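Open the model in your viewer and keep the selection tool ready. This tour goes stop by stop.

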Amino acid sequence: MLMNDNQVQTLVEALPYLSDFKNKTIVVKYGGNAMLNDELKNKVLQDIVFLQCAGMRPVVVHGGGPEITRMLVQAGKKSEFVSGLRVTDAESVGIAEMALVGKINTDLVARLNTLGGKAVGLNGKDAKLICAKKHLADVYENGEVNLVDIGYVGNVEHINTELIDCLLDNGFIPVIAPTGVGAQGETYNINADSVAGEIAGALKAEKLLVLTDVRGIYSDYRDENSFISTLTFEKAQELIIRGKIDGGMIPKVRACITALSGGAKKTHIIDGRAEHTILMEIFSDEGVGTEVVKEI
């Protein structure tokens, strides 16, 4: 198949990036609608396999909230939320683990391998990869903050990178489900954005790419004309405090801040609904999403 001039120009533009990013670790947080549309799912996974073929070291961290909800409904359990977090009893965390590890993780691994990658599925219990502790939800009542136990919902306490490094050194793509293990071996369900940020920081990744369902960050989430292409994490924190970043974007921005604070070089929030945004963000001068950096 013959390439047109635009395709050739794209390849030429990508050449310096191919050189710069060779052998560098790229963490991709995979979630949102990019996981729900089957055709789009394969496009995203093709991008990840391309990164490996181009000499990079991709790591995938995935979510799975909708699948957890679906399986809870099948089991006859209602989802209750406190401060935006799902209350997770012992039965619910078992169902969440089945959804994340048993279904979503194995599906992504199979797809990546079918596309030519060398993927291996992991979760927090593997070699104590993600050590976690109980998260207590903040509940505001009568002007006071109360901490509420919402079950087996966790925070990352420590990332053991030895297993990830071993797989990367041997040419594999680690695909990580966001479940953590507690001190007594108990399972914790953890926000996938948070896990991705912690892993990117612990690996000192060249980049963290967070897929979402909007173009990137806006200085006012209600105004699409206020799109920001690059900002510092101090400015990102300021936008959160001022209420300009809201809802599901908050944990994604905080994941970027965590990654940068831990030692990652750059972080990016990109629209996972558009085809090949991972490649366009990495291999073009302008990029397509929002780049969050330590300083400009």
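A crossing of two helices is right-handed if the near helix is turned clockwise from the far one by less than a right angle. Keep that in mind for the first stop. Note also that this is a predicted model.

**Stop one: a helix pair.** Select residues 192-202, helix 6, and residues 249-262, helix 8. Their axes lie 7 Å apart and the packing angle is about 15°. Angles under 35 degrees count as roughly parallel, so helix 6 is roughly parallel to helix 8. The crossing of helix 6 past helix 8 is right-handed.

Now show the side where they meet. From helix 6, pick Asp-193, Gly-197, Glu-198, Ala-200 and Gly-201. From helix 8, pick Pro-251, Lys-252, Ala-255, Thr-258, Ala-259 and Gly-262. Colour this contact by class: 4 residues are nonpolar, 4 polar and 3 charged.

**Stop two: the largest nonpolar core.** How many residues does the largest nonpolar core have? It has 41. Select Val-27, Ile-176, Ile-199, Ile-217 and Val-253, the residues with the most contacts inside this core. Elements that each supply at least two of its residues include strand 2 (57-62), strand 7 (144-159), helix 5 (162-169) and helix 6. Helix 8 gives the most, with 7 residues.

**Last stop: Ile-176.** Go back and centre on Ile-176. Leaving aside residues up to four places away in sequence, its contacts include Val-59, His-62, Asn-105, Leu-122, Ile-164 and Ile-199.

Note on methods
Residues numbered from 1 in each chain as written. Predicted model: local features only at pLDDT ≥ 70, side-chain atom pairs only at ≥ 80, totals over all residues. Heavy atoms only, no water. Axes fitted to C-alpha atoms, helices over the stretch in contact; angles between N-to-C directions. Helix = DSSP H or I, 4+ residues; strand = E, 2+ residues; numbered from the N terminus. Parallel < 35°, antiparallel > 145°, perpendicular 65-115°, else oblique. Contact = heavy atoms within 4.5 Å. Nonpolar A, V, L, I, M, F, W, Y, C, P; charged D, E, K, R; others polar. Core = buried A, V, L, I, M, F, W, Y, C linked by side-chain atoms within 4.5 Å. Buried < 20%, exposed > 50% of the residue type's maximum accessible area, 1.4 Å probe, protein only.
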